[in-house]
Every structure is written in structure tokens, then in C-alpha cells.
Amino acid sequence: MGNGELCETILFFCLECFISIIEWMVRYFNHYAYSYIALYGKSYLASAKDTHYLLTYKGVDALVNDCLIGTALGMYAMFVALFSAFLSYMYLRFTKPGYNDNGTYYAPVVAFSFMVGLQICNVATTLIKSGVATFFIALAKDPEVFETSYPDRFNDIFNSYPDVLRKLRL
């Protein structure tokens, strides 16, 4: 490999990293913008402006919120995938189906059930992630509504996160 090819490879690698970071930022921003649209029914541009303000005002809190929720839901999805793979292995082991007499189908069936379990659980937990983002937006914009409706739960949140009362001023 020549010196010029090495420089091109390094340049394309850096460019690919930069593009993937930009893509992650756009997806992250759109996640909150679409939650804003669902919650308040505004247009995309108005929601994007409000989302920009939200992320500049409470950006680190939103990032920590998403990291905690994403990690917990990812671990749950991994557990479901491992459990479904285990169940498929146990099924093949104890029922001894005719197509698996010589044991060649253990790996494909277990891998397939792992992937199916993981994907189904990821689809189902997407709803929870969207709900958490919507709740974060609603709590950031109007914490008084939640405090009036659910005072005990609001006190639990307030005890853990006193900045909840700093609402957005749009």
C-alpha cells in the first residue's frame, strides 16, 4: 500500500466518523422534535425551534436521561434475546425433532431466535423511549401540570432532581 493510498484511507475513515456523528446528532434531535410534534401538535419547524431551545437549556439532562433509559432498555432487550435463544435450545434439546437428529440445527435456530427476540423487543421498547422523551419534554415545559395531577410522584422526582422546577420559557 502506497503512502498516498494510506492518506486517502485515513481521510475517508475520519470523514466517515464525522458523518456518523452528524447522523447521530440529527437522529437525536429528530427524536425530540417528533415528540414535540406529538405532544403539542406544532409544525416541524416550530417543534424544531422549541427542541433546539430545550436541548440548549436542558441538554445534558436530556442526554443523561436518554443514556440511562437506552442502557436499561438495551439490557432488557438483550435479556429477552438470550432467554428466547435459551428456550429454543431447550426445545431442540428435549423434544429431539427429526430434522435435528445429528445436531446441525442448534446454532442456526438459536441464532435466529436470538435475533428475532432482540428485534421484537427493540421494536416494543421504542414506544417506551418515545414516551420517556415526551414525558421529559412535558416535565421541562410544564412541571406544574404534573405536580397538580400527581403530587406524590412529583415529590419523588423533585427529591431526586430539584431542577425540575426550572421550566422552559418559550
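Biologist: How many disulfides does a search of the whole structure find?

Modeller: A disulfide here is a pair of cysteine sulfur atoms within 2.5 Å. Searching the whole structure turns up zero. Take C7: its nearest cysteine sulfur belongs to C14 and sits 11 Å away. For C67, the nearest one is that of C17, 19 Å away. Mind that this is a predicted model, where local features need pLDDT of at least 70, side-chain atom pairs count only at pLDDT 80 or more, and totals for chains, interfaces and linings use all residues. Residues are numbered from 1 along each chain as its sequence is written, and side-chain values use heavy atoms, with hydrogens and water left out.

Biologist: Which helices and strands does the protein have, and how many?

Modeller: We take DSSP runs, numbered from the N terminus: helices are H or I with at least four residues, strands are E with at least two. This protein has five helices and zero strands. Its radius of gyration is 23 Å, well over the 15 Å from the globule rule for 170 residues, so the protein is more spread out than a compact globule. That radius is taken over C-alpha atoms, and the rule is 2.2 Å times the number of residues to the power 0.38.

Biologist: What share of the residues is buried?

Modeller: Buried means under 20% relative accessible area, exposed over 50%, and partly exposed in between, using a 1.4 Å probe and protein chains only. Buried residues make up 24% of the 170. C7 is partly exposed at 49%, and C67 is partly exposed at 44%.
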